[in-house]
Amino acid sequence: MPGTNSCRCRFVVLVSGRGSNMRAIVQTLRERELPAEVCAVVSSSPRAAALGWAREQGIATEVLPHQDYASRELFDAALAQAIEAYRPDYVLLAGFMRVLTTGFVERFNGRLVNIHPSLLPSFPGLHTHQQALAMGVQWHGCTVHFVTPVLDHGPIIAQGVVPVLAGDTPADLADRLLQVEHRVYGEVVGWLARGQVTLDAMQRVQVRGVANRSFILPSDGGY
Ligand code: GRF
């Protein structure tokens, strides 16, 4: 069990682009001196800005350009092999823009975690901020969840919310939400690192010692 005794919990983070959630994860682990480390950052794109930052931090990086593979299955097989070389306890999706095959998801069952920029089960898929504005919701948010073969689905570990304000554009909403994404993913990796997260018989998440898994920013008001 990760996070017990002197074990260090090992994370591999999958990215495709900017990597701000990946940075938040690495920084949270370091600042809180958690018993955990990001062993590798794996990108589906050689152009991902995330890679440069990870290398500067001395974190191993791997690049698997998805277009180099003839099928989703071949890409996922290579991806799984690259990940397993680092023997992770958990694989964290942080802006990884590839849909994973059922075989891949099942291989990492219970160890594969994603952040999605909506309050699931609302607004799965892409363009979540546009979807939220089009529906006129007054609260938007993000969800950190275990990954199942159904896209943007799976047991919810934590959620964060932000208000939708008059005149918001999708970009405004995305920027506001990103702050809470970093907070929520940071908290979740802390729980994972300490071995606090389990699934009950109903496939619902339990986090030992944590009563509140909802976040709102800024916590001091100000909207
Ligand atoms: C985030 O909004 C995340 O929720 C979504 O993709 C975006 C990635 O941003 N899955 P970043 O690469 O972490 O900055």
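Reply: Happy to; the answers below are about a predicted model.

Me: What makes the radius of gyration agree with a compact globule?

Reply: For 223 residues, a compact globule would come out near 17 Å, and the protein has 17 Å, so the two agree. Along its principal axes, the C-alpha trace spans about 50 × 45 × 40 Å.

Me: How much of the protein is buried, and what does buried mean here?

Reply: A residue is called buried if its relative accessible area is under 20%. Of the 223 residues, 50% are buried. The protein exposes about 10,800 Å², with carbon and sulfur atoms supplying 51% of that area.

Me: Why is a set of residues called a nonpolar core?

Reply: The residues must be buried, of nonpolar kinds such as Val, Leu or Phe, and joined through side-chain atoms within 4.5 Å; a set that meets this is therefore called a nonpolar core. The largest one here has 45 residues, and Phe-11, Met-22, Val-38, Leu-92 and Tyr-185 have the most contacts inside it. Helix H6 (residues 170–193) gives the most to this core, with 10 residues. A second, separate core has 22 residues, including Ala-40 and Phe-108.

Me: Which residues does Tyr-185 contact, leaving aside neighbours within four places in sequence?

Reply: Contact means heavy atoms within 4.5 Å. On that basis Tyr-185 touches several residues, among them Asn-21, Ile-25, Leu-92, Val-113 and Val-144. Across the protein, 62% of the contacts with a separation of 6 or more link residues 24 or more positions apart.

Terms used: Residues are numbered from 1 along each chain as its sequence is written. This is a predicted model: local features need pLDDT of at least 70, side-chain atom pairs count only at pLDDT 80 or more; totals for chains, interfaces and linings use all residues. Side-chain values use heavy atoms; hydrogens and water are left out. The radius of gyration is taken over C-alpha atoms; the globule rule is 2.2 Å times the number of residues to the power 0.38. Buried means under 20% relative accessible area, exposed over 50%, partly exposed in between (1.4 Å probe, protein chains only). Accessible areas come from the Shrake-Rupley method with a 1.4 Å probe; for residues, only the protein chains shown count as cover. Helices (H or I, at least four residues) and strands (E, at least two) are DSSP runs, numbered from the N terminus.
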